[in-house]
Amino acid sequence: MSEPLHAGAHLRVIPGRPSLSSPLLQVDGVSLEYRTDARVVRATHRVSFNVHGGDRFVLLGPSGCGKSTLLKAVAGFVPPAEGEIRLEGRRVAAPGPDRIVVFQEFDQLPPWQTVKQNVMFPLRRSRGMGAAEAAEVALHFLNKVGLAQFADAYPHTLSGGMKQRVAIARALAMRPKVLLMDEPFAALDALTRRRMQEELLELWHDAAFTLLFVTHSIEEALVVGNRILLLSPHPGRVRAELNSHQFSLASQGSADFQAAAQRIHQMLFDQPAETASARGRAHA
Ligand code: ADP
Ligand code: MG
(Lines give C-alpha, C1' and ligand atoms only; values in the text may rest on other atoms or scores of the structure.)
(Ligands and ions follow the chains in the order given, each with its own letter.)
Protein backbone atom coordinates (compact mmCIF):
# COMPACT_ATOMS: atom_id res chain seq x y z
CA MET A 1 0.00 0.00 0.00
CA SER A 2 1.38 3.42 -0.92
CA GLU A 3 1.61 6.21 1.64
CA PRO A 4 -1.26 8.69 1.47
CA LEU A 5 -0.32 12.02 -0.06
CA HIS A 6 -1.28 15.17 1.76
CA ALA A 7 -0.50 18.80 1.29
CA GLY A 8 1.98 19.15 4.13
CA ALA A 9 3.98 16.02 3.39
CA HIS A 10 6.98 17.89 2.00
CA LEU A 11 7.16 20.02 5.16
CA ARG A 12 7.57 17.04 7.45
CA VAL A 13 10.47 17.43 9.85
CA ILE A 14 13.09 14.75 9.25
CA PRO A 15 13.88 12.97 12.52
CA GLY A 16 17.24 14.00 13.94
CA ARG A 17 17.36 17.17 11.87
CA PRO A 18 15.96 20.05 13.88
CA SER A 19 13.84 22.58 12.02
CA LEU A 20 15.29 26.03 11.38
CA SER A 21 13.38 27.60 14.24
CA SER A 22 14.52 25.14 16.92
CA PRO A 23 17.07 26.43 19.43
CA LEU A 24 20.75 25.68 19.00
CA LEU A 25 21.15 24.78 22.65
CA GLN A 26 18.42 23.49 24.94
CA VAL A 27 18.86 23.21 28.68
CA ASP A 28 15.81 21.35 29.85
CA GLY A 29 14.95 20.95 33.56
CA VAL A 30 18.57 20.52 34.52
CA SER A 31 19.52 19.82 38.14
CA LEU A 32 23.22 19.52 38.87
CA GLU A 33 24.79 17.96 41.94
CA TYR A 34 28.16 17.35 43.53
CA ARG A 35 28.33 14.06 45.40
CA THR A 36 30.86 13.31 48.07
CA ASP A 37 30.83 10.33 50.44
CA ALA A 38 29.34 12.52 53.14
CA ARG A 39 26.69 14.51 51.26
CA VAL A 40 25.13 15.76 48.07
CA VAL A 41 25.38 19.45 47.16
CA ARG A 42 22.69 20.58 44.74
CA ALA A 43 24.18 23.34 42.57
CA THR A 44 21.16 24.02 40.31
CA HIS A 45 17.52 23.01 40.52
CA ARG A 46 15.52 22.29 37.33
CA VAL A 47 16.99 25.08 35.24
CA SER A 48 15.62 25.49 31.71
CA PHE A 49 16.60 27.89 28.94
CA ASN A 50 17.09 27.96 25.16
CA VAL A 51 19.96 29.59 23.30
CA HIS A 52 19.42 30.42 19.61
CA GLY A 53 22.11 30.76 16.98
CA GLY A 54 23.76 34.20 17.22
CA ASP A 55 22.53 34.84 20.78
CA ARG A 56 24.69 36.48 23.41
CA PHE A 57 23.01 34.63 26.25
CA VAL A 58 24.05 35.56 29.79
CA LEU A 59 23.67 33.52 32.99
CA LEU A 60 23.53 36.04 35.83
CA GLY A 61 23.35 35.30 39.53
CA PRO A 62 25.16 35.67 42.85
CA SER A 63 28.29 33.73 43.67
CA GLY A 64 27.57 30.07 44.43
CA CYS A 65 24.28 29.90 42.47
CA GLY A 66 25.66 27.29 40.08
CA LYS A 67 26.64 29.37 37.02
CA SER A 68 30.02 27.70 36.55
CA THR A 69 28.50 24.28 37.13
CA LEU A 70 25.87 24.98 34.47
CA LEU A 71 28.55 26.03 32.00
CA LYS A 72 30.56 22.90 32.79
CA ALA A 73 27.44 20.82 32.20
CA VAL A 74 26.92 22.44 28.78
CA ALA A 75 30.62 21.80 28.06
CA GLY A 76 29.99 18.14 28.93
CA PHE A 77 32.12 17.92 32.07
CA VAL A 78 29.24 17.54 34.56
CA PRO A 79 26.38 15.13 33.77
CA PRO A 80 22.90 16.34 34.84
CA ALA A 81 21.37 14.57 37.85
CA GLU A 82 18.00 15.41 36.30
CA GLY A 83 16.94 16.84 32.93
CA GLU A 84 18.81 17.02 29.65
CA ILE A 85 21.06 19.32 27.63
CA ARG A 86 20.80 19.19 23.83
CA LEU A 87 22.94 20.82 21.18
CA GLU A 88 21.25 20.87 17.76
CA GLY A 89 18.80 18.36 19.17
CA ARG A 90 21.44 15.85 20.25
CA ARG A 91 22.01 15.10 23.92
CA VAL A 92 25.27 16.47 25.31
CA ALA A 93 27.06 13.53 26.92
CA ALA A 94 30.76 14.49 26.79
CA PRO A 95 33.08 17.41 26.05
CA GLY A 96 33.60 18.21 22.36
CA PRO A 97 35.30 20.77 20.10
CA ASP A 98 31.87 22.24 19.27
CA ARG A 99 31.79 23.76 22.80
CA ILE A 100 34.89 25.65 23.94
CA VAL A 101 35.22 27.31 27.35
CA VAL A 102 37.14 30.48 28.19
CA PHE A 103 37.76 30.66 31.93
CA GLN A 104 38.45 33.53 34.30
CA GLU A 105 41.93 32.37 35.25
CA PHE A 106 44.98 33.79 33.49
CA ASP A 107 46.80 30.43 33.68
CA GLN A 108 44.69 28.64 31.07
CA LEU A 109 47.49 28.91 28.48
CA PRO A 110 50.27 26.30 28.75
CA PRO A 111 53.33 28.47 29.55
CA TRP A 112 55.81 26.40 27.52
CA GLN A 113 54.02 27.17 24.26
CA THR A 114 54.22 30.51 22.46
CA VAL A 115 51.02 32.47 21.84
CA LYS A 116 50.78 31.09 18.31
CA GLN A 117 51.48 27.52 19.43
CA ASN A 118 48.78 27.88 22.08
CA VAL A 119 46.21 28.80 19.43
CA MET A 120 47.46 26.16 16.98
CA PHE A 121 47.51 23.26 19.42
CA PRO A 122 43.76 22.44 19.60
CA LEU A 123 43.41 23.10 15.85
CA ARG A 124 45.96 20.39 15.16
CA ARG A 125 44.79 18.00 17.85
CA SER A 126 40.99 18.30 17.63
CA ARG A 127 40.46 19.69 14.13
CA GLY A 128 43.24 17.64 12.56
CA MET A 129 44.77 20.60 10.69
CA GLY A 130 48.26 20.45 9.26
CA ALA A 131 50.91 22.81 10.66
CA ALA A 132 50.73 25.37 7.86
CA GLU A 133 46.94 25.68 7.92
CA ALA A 134 46.82 25.81 11.73
CA ALA A 135 49.44 28.58 11.74
CA GLU A 136 47.46 30.56 9.19
CA VAL A 137 44.19 30.21 11.15
CA ALA A 138 45.99 31.05 14.41
CA LEU A 139 47.45 34.25 12.96
CA HIS A 140 44.08 35.22 11.50
CA PHE A 141 42.42 35.05 14.92
CA LEU A 142 45.38 36.59 16.78
CA ASN A 143 45.07 39.46 14.35
CA LYS A 144 41.37 39.78 15.22
CA VAL A 145 42.21 40.23 18.91
CA GLY A 146 45.06 42.62 18.07
CA LEU A 147 47.89 40.31 19.10
CA ALA A 148 49.47 39.20 15.81
CA GLN A 149 52.73 40.92 16.75
CA PHE A 150 52.90 38.83 19.96
CA ALA A 151 52.58 35.49 18.13
CA ASP A 152 56.04 34.32 19.20
CA ALA A 153 55.87 35.65 22.78
CA TYR A 154 55.38 33.34 25.76
CA PRO A 155 52.28 33.77 27.97
CA HIS A 156 54.23 34.91 31.06
CA THR A 157 55.34 38.04 29.17
CA LEU A 158 51.73 39.13 28.58
CA SER A 159 49.33 41.15 30.74
CA GLY A 160 46.14 39.55 32.09
CA GLY A 161 44.04 41.22 29.39
CA MET A 162 46.39 39.98 26.65
CA LYS A 163 46.26 36.43 28.01
CA GLN A 164 42.47 36.55 27.90
CA ARG A 165 42.64 37.80 24.31
CA VAL A 166 44.80 34.78 23.43
CA ALA A 167 42.31 32.46 25.15
CA ILE A 168 39.48 34.07 23.15
CA ALA A 169 41.42 33.79 19.87
CA ARG A 170 42.19 30.15 20.62
CA ALA A 171 38.51 29.43 21.34
CA LEU A 172 37.17 31.28 18.28
CA ALA A 173 39.75 29.65 15.98
CA MET A 174 38.09 26.33 16.81
CA ARG A 175 34.81 27.64 15.36
CA PRO A 176 32.72 26.21 18.21
CA LYS A 177 28.95 26.01 17.85
CA VAL A 178 28.75 27.78 21.20
CA LEU A 179 31.49 29.80 22.85
CA LEU A 180 31.25 29.37 26.63
CA MET A 181 32.76 32.10 28.83
CA ASP A 182 32.95 31.87 32.62
CA GLU A 183 33.51 35.35 34.10
CA PRO A 184 36.37 35.86 31.61
CA PHE A 185 36.98 39.49 32.60
CA ALA A 186 36.30 39.30 36.35
CA ALA A 187 39.97 39.34 37.37
CA LEU A 188 40.84 42.36 35.20
CA ASP A 189 41.03 45.99 36.31
CA ALA A 190 37.94 48.08 35.53
CA LEU A 191 39.33 49.86 32.46
CA THR A 192 40.70 46.70 30.87
CA ARG A 193 37.46 44.92 31.62
CA ARG A 194 35.47 47.60 29.82
CA ARG A 195 37.84 47.48 26.85
CA MET A 196 37.51 43.68 26.70
CA GLN A 197 33.71 43.87 26.78
CA GLU A 198 33.88 46.29 23.86
CA GLU A 199 36.26 44.03 21.94
CA LEU A 200 34.10 40.97 22.58
CA LEU A 201 31.07 42.76 21.11
CA GLU A 202 33.14 43.85 18.10
CA LEU A 203 34.30 40.26 17.59
CA TRP A 204 30.72 39.05 17.83
CA HIS A 205 29.64 41.52 15.12
CA ASP A 206 32.59 40.51 13.01
CA ALA A 207 32.85 36.74 13.50
CA ALA A 208 29.15 35.98 14.18
CA PHE A 209 29.29 33.32 16.88
CA THR A 210 26.89 32.14 19.57
CA LEU A 211 27.88 33.07 23.09
CA LEU A 212 26.90 31.68 26.49
CA PHE A 213 28.44 34.05 29.03
CA VAL A 214 28.50 33.77 32.82
CA THR A 215 28.82 36.76 35.13
CA HIS A 216 27.77 37.96 38.58
CA SER A 217 27.90 41.59 37.42
CA ILE A 218 24.53 43.09 36.50
CA GLU A 219 26.18 45.85 34.45
CA GLU A 220 28.30 43.37 32.52
CA ALA A 221 25.24 41.21 31.83
CA LEU A 222 23.34 44.22 30.41
CA VAL A 223 26.28 45.28 28.24
CA VAL A 224 27.32 41.87 26.92
CA GLY A 225 23.99 40.05 26.61
CA ASN A 226 21.01 40.16 24.32
CA ARG A 227 19.20 37.73 26.66
CA ILE A 228 19.75 37.38 30.41
CA LEU A 229 18.73 34.46 32.59
CA LEU A 230 18.50 35.45 36.26
CA LEU A 231 19.34 32.71 38.74
CA SER A 232 18.40 32.66 42.41
CA PRO A 233 20.99 32.08 45.14
CA HIS A 234 22.12 28.55 45.91
CA PRO A 235 20.80 26.22 44.59
CA GLY A 236 20.29 28.15 41.35
CA ARG A 237 16.73 28.26 40.00
CA VAL A 238 15.45 30.42 37.18
CA ARG A 239 14.08 33.71 38.51
CA ALA A 240 13.40 35.37 35.17
CA GLU A 241 14.55 35.70 31.59
CA LEU A 242 14.94 39.16 30.08
CA ASN A 243 15.76 40.87 26.81
CA SER A 244 18.74 43.20 27.01
CA HIS A 245 19.68 43.79 23.36
CA GLN A 246 18.78 47.47 23.71
CA PHE A 247 21.76 48.14 26.01
CA SER A 248 25.41 48.66 25.12
CA LEU A 249 28.53 50.16 26.65
CA ALA A 250 27.37 53.55 25.37
CA SER A 251 24.10 53.34 27.31
CA GLN A 252 25.80 52.44 30.58
CA GLY A 253 25.23 55.81 32.27
CA SER A 254 21.70 56.34 30.95
CA ALA A 255 18.53 56.41 33.05
CA ASP A 256 17.12 53.37 31.21
CA PHE A 257 20.23 51.37 31.93
CA GLN A 258 20.24 52.33 35.61
CA ALA A 259 16.55 51.46 35.92
CA ALA A 260 17.12 48.04 34.30
CA ALA A 261 20.08 47.36 36.60
CA GLN A 262 17.99 48.37 39.62
CA ARG A 263 15.12 46.12 38.57
CA ILE A 264 17.42 43.15 38.06
CA HIS A 265 18.99 43.78 41.45
CA GLN A 266 15.57 43.62 43.06
CA MET A 267 14.64 40.45 41.20
CA LEU A 268 17.91 38.79 42.21
CA PHE A 269 18.06 39.75 45.82
CA ASP A 270 14.61 40.71 47.12
CA GLN A 271 12.64 37.95 48.74
CA PRO A 272 9.29 37.22 47.15
CA ALA A 273 6.59 39.16 49.07
CA GLU A 274 4.81 36.01 50.29
CA THR A 275 7.95 34.48 51.77
CA ALA A 276 8.87 37.71 53.50
CA SER A 277 5.42 38.16 55.06
CA ALA A 278 5.22 34.46 56.00
CA ARG A 279 8.55 34.84 57.76
CA GLY A 280 7.30 38.00 59.46
CA ARG A 281 4.32 36.06 60.80
CA ALA A 282 6.53 33.21 61.98
CA HIS A 283 8.58 35.65 64.04
CA ALA A 284 5.53 37.48 65.45
P1 ADP B 1 28.97 30.05 40.77
O2 ADP B 1 29.80 29.82 39.54
O3 ADP B 1 27.60 30.60 40.45
O4 ADP B 1 29.66 30.90 41.78
P5 ADP B 1 29.39 27.22 41.22
O6 ADP B 1 28.78 26.56 40.05
O7 ADP B 1 30.86 27.34 41.24
O8 ADP B 1 28.69 28.64 41.47
O9 ADP B 1 28.98 26.42 42.54
C10 ADP B 1 27.62 26.08 42.83
C11 ADP B 1 27.54 25.37 44.16
O12 ADP B 1 28.20 24.11 44.05
C13 ADP B 1 28.22 26.11 45.30
O14 ADP B 1 27.45 25.95 46.45
C15 ADP B 1 29.55 25.44 45.45
O16 ADP B 1 30.00 25.49 46.77
C17 ADP B 1 29.23 24.01 45.02
N18 ADP B 1 30.40 23.37 44.38
C19 ADP B 1 31.08 23.83 43.33
N20 ADP B 1 32.08 22.99 42.98
C21 ADP B 1 32.01 21.95 43.87
C22 ADP B 1 32.76 20.73 44.06
N23 ADP B 1 33.79 20.43 43.25
N24 ADP B 1 32.38 19.92 45.07
C25 ADP B 1 31.34 20.23 45.88
N26 ADP B 1 30.60 21.34 45.76
C27 ADP B 1 30.93 22.21 44.76
MG1 MG C 1 31.65 30.56 39.00
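The structure is a predicted model, in which local features need pLDDT of at least 70, side-chain atom pairs count only at pLDDT 80 or more, and totals for chains, interfaces and linings use all residues. Residues are numbered from 1 along each chain as its sequence is written, while chains are lettered from A and ligands numbered from 1 in the order in which they are written.

**The antiparallel sheet**

Helices (H or I, at least four residues) and strands (E, at least two) are DSSP runs, numbered from the N terminus. Two strands pair if DSSP finds at least two bridges between them. In general, strands of a sheet pair through backbone hydrogen bonds, either parallel or antiparallel.

Four strands form an open sheet in the order β2-β1-β4-β5, with antiparallel pairing. Its edge strands, β2 (40–51) and β5 (90–91), each pair on one side only. Helix α1 (residues 67–75) packs on this sheet and touches β1, β2 and β4; contact requires C-beta atoms, placed from the backbone, within 7 Å. The direction of α1 makes about 115 degrees with that of β1; axes are lines fitted to C-alpha atoms, for helices over the stretch in contact, and angles run from 0 to 180 degrees between N-to-C directions.

**Strand pairs**

| Pair | Sense | Bridges |
|---|---|---|
| β1 (residues 25–35) and β4 (residues 82–87) | antiparallel | five bridges |
| β6 (residues 99–102) and β7 | parallel | four bridges |
| β7 and β8 (residues 211–215) | parallel | four bridges |

Individual residues illustrate these pairs. Ser31 has Glu82 in β4 as its bridge partner. Val102 stands opposite Met181 in β7, and Leu179 has Leu211 in β8 as its bridge partner. From β7 the chain crosses through helix α5 (residues 190–207) to β8, and this β-α-β crossover is right-handed: with the strands pointing away from the viewer, the path from the first strand over the helix to the second runs clockwise.

**The enclosed strand β7**

Five of the five residues of β7 (residues 178–182) are buried, so this strand is largely enclosed by the rest of the structure. A residue is buried if 20 or more other C-beta atoms, placed from the backbone, lie within 10 Å of its own. Val178, Leu180 and Asp182 point one way from β7, and Leu179 and Met181 the other way.

**The shell around ligand 1**

The residues surrounding ligand 1 include Tyr34, Val41, Lys67 and His234; the C-beta atom of such a residue, placed from the backbone, lies within 6 Å of the molecule. β2 and α1 each supply at least two residues of this shell, and the largest share, three residues, comes from α1.

Conventions:
Contact = placed C-beta atoms within 7 Å. Buried ≥ 20, exposed ≤ 12 C-beta atoms within 10 Å, placed from the backbone.
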